[in-house]
Amino acid sequence: QVQLVESGGGLVQPGGSLKLSCAASGSTFKIRVMGWYRQAPGKQRELVAHITPGGTTNYADSVKGRFIISRDNAKNMLYLQMNSLKPEDTAVYYCNAVGSPYSWGQGTQVTVSS
């Protein structure tokens, strides 16, 4: 069973940047489409970006042009570079496989506020 550990969140001012990391255990990480999800208070969890094993990426309209998803299959790592952050990006961010998710990790809190 794959375990996921997210890190890198924090408090940042509007317009700032953060880079999230996700460490995955297990051997199936490298063959799965992986994504970053977020859940804001009172809202459903949403997929904001995903990346195929070969590196093809896709983004939600709300983050397109500001966020960059990447992965290192050799290290079982997933990343999310977040730039030009807005208050509406405030949420708990999670990484997981797309389609048939693994067990969810604890996530990492991102707060965008002045």
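Modeller: Helices (H or I, at least four residues) and strands (E, at least two) are DSSP runs, numbered from the N terminus. This is a predicted model, in which local features need pLDDT of at least 70 and side-chain atom pairs count only at pLDDT 80 or more, while totals for chains, interfaces and linings use all residues. Residues are numbered from 1 along each chain as its sequence is written, and side-chain values use heavy atoms, with hydrogens and water left out.

Biologist: How many helices and how many strands does the protein chain have?

Modeller: Read along the sequence, the protein chain follows the pattern β-β-β-β-β-β-β-β-β-β. Counted by element, the protein chain has zero helices and ten strands.

Biologist: What is the radius of gyration of the protein chain?

Modeller: The radius of gyration is taken over C-alpha atoms, and the globule rule is 2.2 Å times the number of residues to the power 0.38. For 114 residues, a compact globule would have a value near 13 Å, and the protein chain agrees with this, at 13 Å.

Biologist: In what order do the strands of the four-stranded open sheet follow each other?

Modeller: Two strands pair if DSSP finds at least two bridges between them. Strands S7 and S8 (residues 77–82), for example, run antiparallel and are joined by six bridges, and in one of these pairings Asp72 has Met77 in S8 as its bridge partner. The edge strands, each pairing on one side only, are S1 (4–7) and S7 (67–72). The pairing is antiparallel, and the order is S1-S3-S8-S7.

Biologist: Which strands of the six-stranded open sheet stand at the edges?

Modeller: The order of this sheet is S2-S10-S9-S4-S5-S6, with mixed pairing. Within it, S9 (residues 91–97) and S10 (residues 108–112) pair in the antiparallel sense over three bridges, and Tyr93 stands opposite Thr108 in S10. Two strands have a single partner strand each, so one side of each is left without a neighbour in the sheet, and these are S2 (10–12) and S6 (57–59).

Biologist: Which residues does the disulfide join?

Modeller: A disulfide is a covalent bond between the sulfur atoms of two cysteines, and here it is taken as a pair of cysteine sulfur atoms within 2.5 Å. A search of the whole structure finds one disulfide. With an S to S distance of 1.9 Å, the residues joined are Cys22 and Cys95.

Biologist: How many residues apart in sequence are the parts that this pair ties together?

Modeller: The link of Cys22 and Cys95 is right-handed, with 55° about the S-S bond. Because Cys22 lies in strand S3 (residues 18–24) and Cys95 in strand S9, the pair ties together parts whose separation in sequence is 73 residues.

Biologist: Is Cys22 buried or exposed?

Modeller: Buried means under 20% relative accessible area, exposed over 50%, and partly exposed in between (1.4 Å probe, protein chains only). Cys22 has a relative accessible area of 0%, so Cys22 is buried.

Biologist: Which residue's backbone nitrogen does the side chain of Asn96 reach?

Modeller: Asn96 is found in strand S9, and at 0% relative accessibility it counts as buried. Leaving aside neighbours within four places in sequence, Asn96 is in contact (heavy atoms within 4.5 Å) with residues including Leu4, Met34, Tyr37 and Trp104. At 2.7 Å, its side chain reaches the backbone nitrogen of Tyr102.

Notes. A polar contact is a pair of N or O atoms within 3.5 Å; within protein, one must be able to donate a hydrogen and the other to accept it, and residues adjacent in sequence count only if both atoms are side-chain atoms.
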